[in-house]
Amino acid sequence: MYLQSFLAVIVVGVVSSCPCTDPGYELAFKVWSGSEVDVVDLWKNDKVEGCGAAGTNILAGGSYKSERVNTWHNVKKVRIVLYDSAGFEISHITFNGEGKDKNNFFDKANIIESSYSDLNKDTATNYFSLDGHDEVHHVKRNFFINKSYGGCNNDHGWLAVTGCRDLPCGWDHGEGCPSFVTGGNSVKHWGVDSQSACIFAVYLS
């Protein structure tokens with residue numbers, strides 16, 4: 001029993017650290033699904049959020065945003081990572097952050113690499129945008145990478161951060177508000193073979 005508890009602590013310690021191979025990455029932003037946080041608003045405003053464990057342990061509760069997101073000081077790379085509730089990575093995308101800022105790095109032309117085998121600078125997309133598909137009192141899909149719309153039961157894409165509105169599709173709702181919908185390793189039929197992540201995190205190097 002004690003050994004199992006000890007091993008569990010070790011495992012949590014491993015998976016909660018940044019999965020990036022470059023030791024220069026640092027956690028700069030984190031939101032949990034179901035926390036009722038407006039993710040894109042927190043990212044774009046000039047505030048900072050959280051402190052202590054929230055900014056050092058990916059599994060710690062609470063949202064987090066460091067001042068570096070606002071200053072964008074010496075940012076070379078940006079890595080968005082989606083995790084499950086145990087802190088295991090589901091998907092990630094790494095962008096070039098040099099010469100960019102927090103509002104324009106999220107662009108297909110800036111992709112360096114990702115867990116999605118079929119997503120690169122030349123991939124055809126319907127949406128690839130930080131603001132995404134955002135209509136007041138209706139659709140709210142930010143950090144949005146969509147391949148095609150075909151009606152709620154036939155939408156396909158790679159990533160969507162959905163917000164707290166009366167959203168039109170079942171796949172929008174995931175793990176509460178906000179929800180993080182991902183294809184994991186390729187484009188997926190949302191609501192059929194897509195996944196819902198529990199943590200949306202951004203690392204800067």
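Visitor: Where is the place of Glu-36?
Guide: Start with the landmarks: helices (H or I, at least four residues) and strands (E, at least two) are DSSP runs, numbered from the N terminus. Glu-36 belongs to the loop between strand 1 and helix 2. Before we go on, this is a predicted model, where local features need pLDDT of at least 70 and side-chain atom pairs count only at pLDDT 80 or more, while totals for chains, interfaces and linings use all residues. Residues are numbered from 1 along each chain as its sequence is written, and side-chain values use heavy atoms, with hydrogens and water left out.

Visitor: What is the phi of Glu-36?
Guide: Most residues other than glycine have a negative phi, and most peptide bonds are trans. Glu-36 is not a glycine, yet its phi is positive, about 65°. Trp-72 also has a positive phi, near 55°, without being a glycine. You'll find Trp-72 in the loop between helix 3 (67–71) and strand 3.

Visitor: Is Trp-72 buried or exposed?
Guide: Relative accessible area decides: buried means under 20%, exposed over 50%, and partly exposed in between (1.4 Å probe, protein chains only). Trp-72 has 10% relative accessibility, so it counts as buried. Glu-36, with a relative accessible area of 65%, is exposed. Across the protein, 48% of the 205 residues are buried.

Visitor: Which residues are joined by a cis peptide bond?
Guide: Cys-177 and Pro-178, with omega at about 0°. Pro-178 is in the loop between strand 9 and strand 10.

Visitor: Which residues line the largest cavity?
Guide: A cavity is a set of points, on a 1 Å grid over the protein atoms alone, where a 1.4 Å probe fits but cannot get out; lining residues have an atom within 4 Å of a point. Grid points are joined across faces, edges and corners, and the volume is the space filled by probe spheres set on the points. This structure holds one cavity of 30 Å³ or more, and the volume of the largest is about 30 Å³. Its lining includes Pro-178, along with Val-37, Asp-38 and Lys-140. Helix 2, strand 8 and strand 9 each give at least two lining residues.

Visitor: What order do the six strands of the open sheet follow?
Guide: Strands of a sheet pair through backbone hydrogen bonds, either parallel or antiparallel. Two strands count as paired if DSSP finds at least two bridges between them. Here the order is 2-1-13-3-4-5, with antiparallel pairing. Strand 2 (64–65) and strand 5 (111–114) are at the edges with a single partner strand each, so one side of each has no neighbour in the sheet.

Visitor: How many bridges join strand 1 to strand 13?
Guide: Six, and the two run antiparallel. Follow Phe-29 to picture this: its bridge partner in strand 13 is Val-202, and Lys-65 stands opposite Phe-29 in strand 2. Strand 1 and strand 2 are joined by two bridges. Five of the seven residues of strand 1 are buried, so the strand is largely enclosed by the rest of the structure.

Visitor: Which members of the largest nonpolar core touch the most other members?
Guide: In soluble globular proteins, nonpolar side chains tend to be buried together. A nonpolar core is a set of buried Ala, Val, Leu, Ile, Met, Phe, Trp, Tyr and Cys residues joined through side-chain atoms within 4.5 Å. Of the 34 residues here, those are Trp-43, Ile-80, Phe-95, Phe-106, Phe-143 and Phe-200. Elements giving two or more residues include strand 1 (26–32), helix 2 (39–44) and strand 8 (140–148). Helix 2 contributes the most, four residues. Another core, of 11 residues, lies apart from this one and has Ile-58 and Cys-198 among its members.

Visitor: What does Gly-184 touch, leaving out residues up to four places away in sequence?
Guide: Contact means heavy atoms within 4.5 Å. Gly-184 touches Ile-90, Ser-91, Ser-115, Tyr-116 and Gln-195 on that count. Gly-184 is in the loop between strand 10 (179–182) and strand 11 (188–189), and its relative accessibility is 4%, so it is buried.

Conventions:
On a 1 Å grid over the protein atoms alone, a cavity is a set of points where a 1.4 Å probe fits but cannot get out, and a pocket is an open set with protein on both sides within 12 Å along at least five of seven lines; lining residues have an atom within 4 Å of a point.
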